[in-house]
Amino acid sequence: MKGILNLRRIPMRFAVVVLAGAVLAATASCSAENKGPQVTSTAGSQPNSSESGTGTAESTTPATGSAAGSPSVTSTEDASPSASAGPSPAATAVSWKTYTDSAKTVSFELPQEWIAQSVTPEAGSLAHAVKVEVKDAEGRYIATLQTGLPSAAPVACPAGQARPYVVISSVPLDVPHSDGPETIDPRVVFRVVQGYKFFGSYGITNMVAGADGQSCELRNRVQGPAGKGDISFGDVLAIHAFAADEKVAPAKAFDTLDLAAKYVVHGPEFANVQRMLLSLKVNL
């Protein structure tokens, strides 16, 4: 498939313009050749609020069962959301709260009805690692935040095995990170890789996805400062073109690229998720 967007190769000063038309540009040649779905225009969509929203504090309420040194939640009311780059609607949740872990290593905003729960970090995580699972009001999984992840080499990608991918949304994120030859500035992204369906995933990353718009694996992790481990906040740690007998969830599967774009541009879930991811603060 031609016309796939490769974010690494786009100068940052053009990011807003390019990302706003990313889906259309990515599929133009596919539609012309009748080899892929056509994505409808998203010009009427509204931008999402960013981490710099100007909410006013209402109260500070410890999480249920919390005590000194326990995670806390601070309630806020979203008053005046500001625009952010990337084609996405305004967050729909009116009331928001802030989760902070007991060691004050991480904090992020989430809708008042959602649940953030600290759980045991993965085996092999570095000392003082944090792992927090987020679910919605009905208990459905939304995302996992992890710090102190040991570095992981990308999967092998033999010639001919890479699949086309599209960056539907990409917004800058300010978190501690390290730079390298295969990194970009940290971003909150929603990306889709083409397999027997279009598989999508949201998360944070500063790792180059692939070359020439193709990849074997899209990683949702930020390469952390030396000795501090990597950081991940998203639905899965990595996404690839799943086989028909593989479990896809909690990543997303779409029958067409158009449906994936509509999930990002018009879907209330992603709007709230994006604001949550953008609000992440990490103190290492």
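## Exercises on a predicted model

With 75° about the S-S bond, the disulfide (a pair of cysteine sulfur atoms within 2.5 Å) of Cys157 and Cys216 is right-handed. This is a predicted model, where local features need pLDDT of at least 70, side-chain atom pairs count only at pLDDT 80 or more, and totals for chains, interfaces and linings use all residues. Residues are numbered from 1 along each chain as its sequence is written, and side-chain values use heavy atoms, with hydrogens and water left out.

**Exercise 1.** Describe the link of Cys157 and Cys216.

Step 1. The sulfur atoms of Cys157 and Cys216 are 2.0 Å apart, and the count by this rule is 1 disulfide.

Step 2. Cys157 sits in the loop between β7 and β8 (163-172), and Cys216 in the loop between β11 (214-215) and β12 (218-219), so the pair ties together parts 59 residues apart in sequence. Strands here are DSSP runs (E, at least two residues), as helices are (H or I, at least four), numbered from the N terminus.

Step 3. Buried means under 20% relative accessible area, exposed over 50%, and partly exposed in between (1.4 Å probe, protein chains only). Cys157 has 38% and is partly exposed, while Cys216, at 19%, counts as buried.

**Exercise 2.** Work out the surroundings of Asp136.

Step 1. Asp136 belongs to the loop between β6 (131-135) and β7 (141-149).

Step 2. Its relative accessible area is 6%, so Asp136 is buried.

Step 3. Contact means heavy atoms within 4.5 Å. Apart from neighbours within four places in sequence, Asp136 is in contact with Glu113, Trp114, Ile115 and Ile142.

Step 4. A polar contact is a pair of N or O atoms within 3.5 Å; within protein, one must be able to donate a hydrogen and the other to accept it, and residues adjacent in sequence count only if both atoms are side-chain atoms. The side chains of Asp136 and Arg140 make one of 2.8 Å. A polar atom of the Asp136 side chain also lies 2.9 Å from the backbone nitrogen of Glu138.

**Exercise 3.** Is helix α3 (residues 257-266) enclosed or open, and why?

Step 1. The buried residues in α3 are Leu257, Asp258, Ala260, Ala261, Tyr263, Val264 and Val265.

Step 2. That is 7 of 10 residues, so α3 is largely enclosed by the rest of the structure.

**Exercise 4.** State the confidence of the model for the chain.

Step 1. The pLDDT is the predictor's confidence in each residue, from 0 to 100. Its mean over the chain is 77, and 69% of the residues reach 70 or more.

Step 2. Over residues 1-68 the pLDDT stays under 50, and the model has 135 contacts beyond four places in sequence for them.
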